Amino acid sequence: MITDEEVNVLAKKANDIRQSIIRMLVEAKSGHTAGPLGMADIFAAFYFHILKHDPKRPDWNERDLVVLSNGHICPVLYASMAHAGYFPLDTLMTLRKFGSILQGHPHREFLPALETSSGPLGSGLSQAVGMTLALRADKQDDRFVYCFLGDGELNEGQNWEAMMLAGKEQLGNLIAVVDRNHIQIDGFTEDVMPLESLYEKWASFNWKVFEINGHNFEEIISIVEEAKAIRSQPIVILSYNTPGKGVKEFENKPYWHGNPPNKEQGEAALKELQSRI
Amino acid sequence: MINKHLKLNSDIFSPEVNQIPIRQGFGEGLVEAGKENSQVVALVADLTESAKVDAFKKEFPERFYEIGIGEQNMASVAAGMAHMGKIPFIASYAMFSPGRNWEQIRTTICYNDVPVKIAGSHAGVSVGPDGGTHQAIEDIAITRVIPNMEVISPCDAIQARKATLAASRTKTPTYIRLAREKTPLITTDDTPFEIGKAYTYWVAKDDKPKVGIIATGALVHKALCAAQTLEEEGIAVEVLNVVTIKPLDTEAVVTLAQKTGKIVTLEEHQIAGGLGSVVCEVLSEQHPTQVMRLGVHDKFGQSGTPAELIEYYGMGEKDVVAAVKKLL
């Protein structure tokens, strides 16, 4: 459970992360807007409440593992890591620039604190399954592997191969979180390639399925706690998120999936976010 | 004549020469690697026996993972395991791994630079009756272009055993190319092997070879047979076995070109992108030399016996002899 005070702290963190995302994207002049803003509450909850991690020791051998499968939403990952203390906040302004540790899509060679590189969709869950199998082999089942996926990404067949394997192996310390925001580059997910019923699909692969409002901290945290107690099968949390959340102009519009705000749009967005604190 | 310093099999040219599938050597090497390092694990995609992982499965059942028919998943699962300190070997047919799962190998294994070892069996047209869908003749090309990847193409089962063990000791992604068919043993337990070194298996009597033959994989045997035939006809050649395609033993290739001025390459692979291309790339920059490439010329494979197919695609002993004579 989580107190009201803790919820307020997380809400403030999420707002900080959102502001950083806007600043990064305006500076980079390219990148994705809607996904990172929509996942800011989830990432705030993980990096400031749920994860067992130590930003000063990214290779700590008791840490939980984070796999971001939909690498294009990395602004939210980078902003969360910076606010958590993995690297200085100033570094965020180097996103997508030559020589930056913050590559356009995450590359571990440039940012070793990452568990994996990602960008090409559909391969994160497989890697997370591999990490979980290795933890089991090394009798470290008390560590959790969290894999964040996009919903459009589930068009990729490899996910379903990974889901079959995780179900077969009953990987109880694997928790997938799907950003169910209903948009992808070409439009709404149910128009591009219908995904429903996602609940039934995952369940039929022998996963325990939870559904949450990804903007409600009490729900995020209590469901993850409940999920962690289930050790007999892998867990997926379908997180119903508003793409672009926090900036009215960006919300629920496929255009903002893959486009950054310009300077004026960025300033307006920051003003709106600051007014919400 | 055979290079006496390398302790090669004395029965190479005997009709009774011992023949073992190259993939069998991989299976034995995998067990040795498993015994040496408890972090070695093996993953298969429904081809345990065929890809020769059965012995490892029997010896180390807890380190064996059946992934089912999903080579893309297998590559990335292995990448995740390697990130956690494991040394995963993923074994399948070369057509499916590294064929089907190339992007997963590039992004999740090589871009992450984790030590996953990809064993691609049934490479080349010698798979025979299965036909063109199952004959991987592009695998060297698609693996060697990926940064961080090493590519090894053993000439017999003994070399495959050594290559497998050697690969288990490195921290790099590695592709090991294997063949299905029984292949004459060329080397012995005492023949030297090191990743990154090419070896001269046939030397000219007076050390004045007229043509250099550079071969890889199972066809090294055909190259040696051709060298013997040519010697009987008074034509001196040298045969270099390029076991490691990448990193290439550049010095050995350039030295042979300097010595002969004429090179024939031989591989069970497309002439585009494989050993022939590798040799041309190096020589065009360092010692421009005439090169004739023997291999598959921009065609798919088809059903047939290995012997029929090797002849049809022009990769046999008589093709090597003819190529050498043409260059003279």
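Helix α6 of chain A and helix α3 of chain B are roughly perpendicular to each other, a label given to angles of 65 to 115 degrees. In this predicted model, local features need pLDDT of at least 70 and side-chain atom pairs count only at pLDDT 80 or more, while totals for chains, interfaces and linings use all residues. Residues are numbered from 1 along each chain as its sequence is written, with chains lettered from A and ligands numbered from 1 in the order in which they are written.

Two packed helices are described by the angle between their axes and the distance between the axes. Here, the axes of α6(A) (residues 157–169) and α3(B) (residues 71–83) come within 8 Å and cross at roughly 70 degrees. Such axes are lines fitted to C-alpha atoms over the stretch in contact, with angles running from 0 to 180 degrees between N-to-C directions. On the α6(A) side, Gln158(A), Glu161(A), Ala162(A) and Leu165(A) meet Gln72(B), Asn73(B) and Val77(B) of α3(B); contact requires C-beta atoms, placed from the backbone, to lie within 7 Å.

Turning to chain B as a whole, it has 12 helices and 14 strands, counted as DSSP runs (H or I, at least four residues, for helices; E, at least two, for strands). The 328 residues of chain B would, as a compact globule, have a radius of gyration near 20 Å, and the 19 Å found for chain B agrees; the radius is taken over C-alpha atoms, and the globule rule is 2.2 Å times the number of residues to the power 0.38. The mean pLDDT of chain B, the predictor's confidence from 0 to 100, is 97.

Definitions and conventions:
Parallel < 35°, antiparallel > 145°, perpendicular 65-115°, else oblique. Contact = placed C-beta atoms within 7 Å.
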